[in-house]
Amino acid sequence: MTTESDWHLSLVRPVTPRTPEGCEECLRLGSPWVHLRLCLTCGHVGCCDSSPLKHARLHAANVGHPIVQPLEPGENWRWCYVHEAVV
């Protein structure tokens, strides 16, 4: 489902990845990740839901920044953790 009218899109800002080399928390913990997600509000880089620690989802819940996009080349979509939908 696509939610183009998602009001959370108003939280999207131009961002630069804070840790482009990997998940911010996993790098600190020495934990592996599967894919990376970029917070489109603050630039936090977290690991995806397929990763053991799901830091992107935790960041969204704890900080209130629900819109992310993949940090992998060639992927161009955005996800809202609140609505569980592509936006």
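Cys80 has a bridge partner in strand S5, namely Ala85. Strand S4 (residues 79-80) and S5 pair in the antiparallel sense over two bridges, where pairing requires that DSSP finds at least two bridges between two strands. Helix H2 packs on the sheet and touches S1, S2 and S4, contact being heavy atoms within 4.5 Å.

This is a predicted model, in which local features need pLDDT of at least 70 and side-chain atom pairs count only at pLDDT 80 or more, while totals for chains, interfaces and linings use all residues. Residues are numbered from 1 along each chain as its sequence is written, and side-chain values use heavy atoms, with hydrogens and water left out.

**The sheet**
- Five strands form an open sheet in the order S2-S1-S3-S4-S5, with antiparallel pairing; strands are DSSP runs (E, at least two residues) and helices are too (H or I, at least four), numbered from the N terminus.
- S2 and strand S5 (85-86) are the edge strands, each pairing on one side only.

**Helix H2**
- His55, Ala56, His59 and Ala60 are buried in H2 (residues 55-63), where buried means under 20% relative accessible area, exposed over 50% and partly exposed in between (1.4 Å probe, protein chains only).
- Seen down the axis of H2, these buried residues fall within an arc of 145°, so they line one face of the helix; the arc is that of the directions from the helix axis to the C-beta atoms.
- Ala61 and Asn62 are exposed on the face of H2 turned away from its buried side.
- Helix H1 (24-29), strand S1 (36-39) and strand S2 (45-47) are among what covers the buried residues of H2.
- Gly64 follows H2 and has a positive phi, near 85°.

How values were computed. Axes are lines fitted to C-alpha atoms, for helices over the stretch in contact, and angles run from 0 to 180 degrees between N-to-C directions.
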